[in-house]
Amino acid sequence: MEAKLFFQETTVVVFVLGGPGSGKGTHCPKIVEHFGFTHLCAGDLLQAEIESESENGTMIHNFKKEGKIVPSEITVKLLQQAMQQSDNKRFIIDGFPRNEENRAAFENIVGLESFYVNSKSYNLLLVKIKPEFVLFFDCPEEELTRRILNRNQGRVDDNIETIGKRLKVYFESTLPVINYYNSKGKVQKIDAQRSVDEVFEDVKSVFAKFKPVARVDSTK
Ligand SMILES: Nc1ncnc2c1ncn2[C@@H]1O[C@H](COP(=O)(O)OP(=O)(O)OP(=O)(O)O)[C@@H](O)[C@H]1O
Ligand SMILES: Nc1ccn([C@H]2C[C@H](O)[C@@H](COP(=O)(O)O)O2)c(=O)n1
Ligand SMILES: [Mg+2]
């Protein structure tokens, strides 16, 4: 009997969290290169809104300058649009969810999943997207501050005054989200204080189960 190919391509989301300067933006492009994920950085999507002078641009700029977290409906909409526009089904979402409101808003969105039957694609299922796991770059406060003050990329929030505010938001609002996912057994904690190469060795172990996607051609 002829074997029929039938598989479901599900969306895989990994949240990448850690204090400001912990190395999220340094390691995400490496994960893209090695494991075929698409990198969505919430901060970069918000920055693009500022630069495109969209209706929310000024408000987002002011939140960023103050180290505050932008209302979730804006950030989640940007992430959702970016996911829908992508051909990929594997996403690392960098700098999100930053607080409980972010987390709840994301977990309420639904995505359309594709089925393939004998290489034909069918969009069938509406599902709530849950993170596969949370990659957590753990780094002490003094090292975070040192790295940010040395970053030198012209960011409006990389100054000693805003860093204090961002760290406060991180400890008060983001760590509880990390603790929430930890209580669900979903956190992969990395000691981010070491060199970039040492840190990435650990990151690679965490992603080892994700080989680059190979498409199956069932017509042959
Ligand atoms: N392991 C490391 N050792 C030394 N410097 C590092 C390390 N990882 C990152 N850096 C440097 O620290 C700075 C901050 O790193 P990065 O931009 O990746 O942080 P981030 O977590 O994305 O921060 P933010 O939340 O502010 O966007 C950069 O200048 C980067 O080159
Ligand atoms: N979920 C998010 C992510 C980012 N922002 C804003 C506030 C941050 O200070 C800024 C820069 O983000 P980063 O590049 O440090 O990840 O963007 C937010 O409001 N909500
Ligand atoms: Mg970053």
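Val 70 counts as buried because its relative accessibility is 5%, where buried denotes under 20% relative accessible area, exposed over 50% and partly exposed the range in between (1.4 Å probe, protein chains only). The structure is a predicted model, in which local features need pLDDT of at least 70, side-chain atom pairs count only at pLDDT 80 or more, and totals for chains, interfaces and linings use all residues. Residues are numbered from 1 along each chain as its sequence is written, chains are lettered from A and ligands numbered from 1 in the order in which they are written, and side-chain values use heavy atoms, with hydrogens and water left out.

Val 70 is placed in the loop between α3 (57-65) and α4 (72-85); helices (H or I, at least four residues) and strands (E, at least two) are DSSP runs, numbered from the N terminus. Residues up to four places away in sequence not being counted, Val 70 touches Leu 46, Ile 60, Phe 63, Thr 75 and Asn 102, a contact being heavy atoms within 4.5 Å.

An unreviewed UniProt entry lists Val 70 under "binding site", together with Lys 68, Ile 69, Gly 95, Phe 96, Pro 97, Arg 98, Arg 155 and Arg 166. UniProt positions follow the numbering used here, feature names are shortened, and annotations may be inferred rather than shown by experiment. From this set, Lys 68, Ile 69, Val 70, Gly 95, Phe 96, Arg 98, Arg 155 and Arg 166 belong to the lining of the largest pocket. On a 1 Å grid over the protein atoms alone, a pocket is an open set of points where a 1.4 Å probe fits, with protein on both sides within 12 Å along at least five of seven lines, and lining residues have an atom within 4 Å of a point.

Arg 98 is located in the loop between β4 and α5 (100-107) and is partly exposed, its relative accessible area being 33%. Beyond its neighbours within four places in sequence, Arg 98 is in contact with Ile 69, Ser 173, Thr 174 and Val 177. Its side chain also reaches the backbone oxygen of Gly 95 at 2.9 Å.

Ser 22 lies in the loop between β2 (12-18) and α1 (24-35) and is buried because its relative accessibility is 2%. The side chain of Ser 22 reaches the backbone oxygen of Gly 19 at 2.8 Å. Lys 24, in helix α1, is likewise classed as buried, at 9% relative accessibility. Among the residues that Lys 24 touches, those up to four places away in sequence left aside, are Val 16, Asp 94, Gly 95 and Phe 137.

Strands β3-β4-β2-β7-β8 form, in that order, an open sheet of five strands with parallel pairing, two strands being paired if DSSP finds at least two bridges between them. At the edges are β3 (38-41) and β8 (187-191), each of which pairs on one side only. Six bridges join β2 to β7 (residues 131-138), and Val 16 has Leu 135 as its bridge partner in β7. Helix α2 (residues 42-51) packs on the sheet, touching β3 and β4 (90-94), and its direction makes about 60 degrees with that of β3; axes are lines fitted to C-alpha atoms, for helices over the stretch in contact, and angles run from 0 to 180 degrees between N-to-C directions.

How values were computed. Polar contact = N/O pair within 3.5 Å; in protein donor to acceptor, adjacent residues only side chain to side chain.
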